[in-house]
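Here's a quick tour of one model. Have a look at the structure first, then read on.

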Amino acid sequence: MEQLISFIIRPPRAEYSPKYDLLDDEFMLKDKLYRRNDLEVKNSRGEILQCTHYVPVVSPEGKPLPCVIYCHGNSGCRADASEAAIVLLPSNITVFTLDFSGSGLSGGEHVTLGWNEKDDLKAVVEYLRADGNVSLIGLWGRSMGAVTSLMYGADDPSIAGMVLDSPFSDLVDLMMELADTHAFRLPKFTVKLAVQYMRRAIQKKAKFDIVDLNTIKVAKSCFVPVLLGHANEDDFIRPHHADRIFEAYMGDKNIIKFEGDHNSPRPQFYFDSINIFFHNVLQPPEDEVAGPYFEPMLDYLGKGDWSGAHQVSRAHEPSSVAQGRIRC
């Protein structure tokens, strides 16, 4: 049980070097120059969050551009947002990312699977709105980051749209599923007692109640347009979690299933769908959009040419591009 508690509130911190593991200080995509701005934001608990904002060197028409905030998983970091930046920047959508408190290089002792992280996200949104160089804001979250985005979006209807990749629907249900797996070797009759024990231990150590992390309840009061995504073979957060959120969600919604597991690279058509979704809800300048969505990613990574972007109805082929392991 202690192993599972640590897995939830104190997974290994992602270790990385901003110099080597983030995108370059300046880089080219489709003959256009972009830069990486590293900065710090303080959350409401006084902890320092390490952040990065990827922006064009020259903004089209000198006007504020829309921004997508990428939210990583529970043992991830802002380096996980590199793929999102390569996908979205050529569409004149800037990408902001952060190490949540307790993660990566940010301050904080514990990970709380969305509870404190939603307050970190609030601090970032407030920073971007005060900065004056951002128009509409969207959220793109993976796993814990998806839960964080949903919980924040329910409180901030000005968010233009959200992509939620592999969110859990109820943390207690997820913990019971995990405790019942072979990996943790708990007899079935002890699972409920074990979860109650873990609830008390997490309350004592990390100061939040796992019962409060129920995204189905949140979905019933959220009206931000949403695109849900989930891998069919995900055996960590199983696909029915996304289905339950989708059924309860009150706003405009769509859901995409694809081959793979929780940490596998996402397929090409899924990134295409995300780009179209954010283009519709964020309304970036049309005249500066540069070519097919995925050519910039390949140009930057030197992976060669793709045959073109897939439509959603095409076969779900896995992407040949992976920006390293995406954490849970």
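What follows covers a pocket and a helix.

## Ground rules

This is a predicted model, so to speak of local features takes pLDDT of at least 70 and side-chain atom pairs count only at pLDDT 80 or more, while totals for chains, interfaces and linings use all residues. Numbering starts from 1 along each chain as its sequence is written, and side-chain values use heavy atoms, with hydrogens and water left out.

## The largest pocket

The largest pocket comes in at about 270 Å³. Here a pocket is an open set of points on a 1 Å grid over the protein atoms alone, where a 1.4 Å probe fits, with protein on both sides within 12 Å along at least five of seven lines; lining residues have an atom within 4 Å of a point. Its lining has 18 residues, and Arg35, His53, Val55, Asp131 and Asn133 sit closest to the centre.

Strand 2 (32–42), strand 3 (48–56) and helix 4 (117–131) each give two or more residues to that lining. Helices (H or I, at least four residues) and strands (E, at least two) are DSSP runs, numbered from the N terminus.

## Helix 7

Which residues of helix 7 are buried? They are Val191, Ala194, Val195, Met198, Ala201, Ile202 and Ala206, where buried means under 20% relative accessible area and exposed over 50% (1.4 Å probe, protein chains only).

The buried residues of helix 7 pack against helix 1 (2–9) and helix 6 (171–179), with contact meaning heavy atoms within 4.5 Å. Lys207 follows helix 7 and has a positive phi, near 65°.

Technical notes. Points joined across faces, edges and corners; volume = space filled by probe spheres on them.
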